[in-house]
Amino acid sequence: MKDRLPSLVAVLLLGLLVLGTWWASDYTLRSIEIDPPRRVTHERDSWSDQFTMVRTDAAGHAINRLEGAAMEHFPDTGAYEITAPHAVGRQPGSPITEGTADHGTLDEHGDRIVLDGNAHLKRLPDADHQLLDVRSTQLIIEPNRDLVYTDRPALVVNGSSTLRGKGMRYDNRTRQLTVTAASDVKISGEDQAARNAGSKKNERP
């Protein structure tokens, strides 16, 4: 028994050491205040005045430009809120487009620009195309697809022709314009003659 006493004392001391270590660790963890998860609120985390964003193609040519009087980024939505946006599209092989509004939102990782308040889009004229002018309370631009559309009432002036309707879609790559629920359409004589000429040209004998 006397021979075992030192071993028993050693085991007892080791047990007390383990229990003391566990208690100290648990007490320390309970004593330290752990910060709660950060609440994601609609508070800007970056901002700028008089900014310009430029997107280039693989060859380094500028194909889209977005500028404005002010910009704020909000992490909860991942969107950029823009004051007085001015968007310019210069896709290769397509006419230049310019869009403006009172307010804009850049979201979906830069794949969509929403123009709100006095939204105005122009396809600038060139040797092959007349001026296309679109106005609405809201216009949505998808710069990578060179597309603009709205489901709200819109006024479209294409050359000398005027179209009003609720809903509009314009593909700048194909130059296809669609005005849905048209309530007022005024086609100029020049545009009508061009349409008739195009129809006869496509007729087969």
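Histidine 120 lies in strand β7. The model described here is predicted. With a relative accessible area of 12%, histidine 120 is buried, because buried means under 20% relative accessible area. Its side chain makes a polar contact of 3.5 Å with the side chain of arginine 135. Beyond the neighbours within four places in sequence, histidine 120 is in contact with Glu98, Gly99, Thr100, Asp133, Val134, Arg135 and Leu139.

Valine 134 leads from this histidine to the core. When residues up to four places away in sequence are not counted, valine 134 touches Ala119, His120, Leu121, Leu139, Leu155, Val156 and Met168. The largest nonpolar core has 22 residues, and Val134 is among those with the most contacts inside it, together with Leu66, Ile113, Leu139, Ile141, Val156 and Met168. Two or more residues of this core come from each of the strands β2 (62–74), β7 (112–123), β8 (132–142), β9 (147–158) and β10 (161–171).

Leucine 17 belongs to another element, helix α1 (residues 5–31). Leucine 17 is exposed, as its relative accessible area of 55% shows; the cut-off for exposed is over 50%. On the surface, Leu17 forms a nonpolar patch with Leu14 and Val18. Together these residues have about 300 Å² of accessible area.

The two residues with a stated relative accessible area are listed below.

Notes. Residues are numbered from 1 along each chain as its sequence is written. This is a predicted model: local features need pLDDT of at least 70, side-chain atom pairs count only at pLDDT 80 or more; totals for chains, interfaces and linings use all residues. Side-chain values use heavy atoms; hydrogens and water are left out. Patches are made of residues with over 30% relative accessible area and no salt bridge: like charges are joined within 9 Å, nonpolar side chains (Val, Leu, Ile, Met, Phe, Trp, Tyr) within 5 Å. Accessible areas come from the Shrake-Rupley method with a 1.4 Å probe; for residues, only the protein chains shown count as cover. A salt bridge is a side-chain nitrogen of Lys or Arg within 4 Å of a carboxyl oxygen of Asp or Glu. Helices (H or I, at least four residues) and strands (E, at least two) are DSSP runs, numbered from the N terminus. Buried means under 20% relative accessible area, exposed over 50%, partly exposed in between (1.4 Å probe, protein chains only). A nonpolar core is a set of buried Ala, Val, Leu, Ile, Met, Phe, Trp, Tyr and Cys residues joined through side-chain atoms within 4.5 Å. Contact means heavy atoms within 4.5 Å. A polar contact is a pair of N or O atoms within 3.5 Å; within protein, one must be able to donate a hydrogen and the other to accept it, and residues adjacent in sequence count only if both atoms are side-chain atoms.
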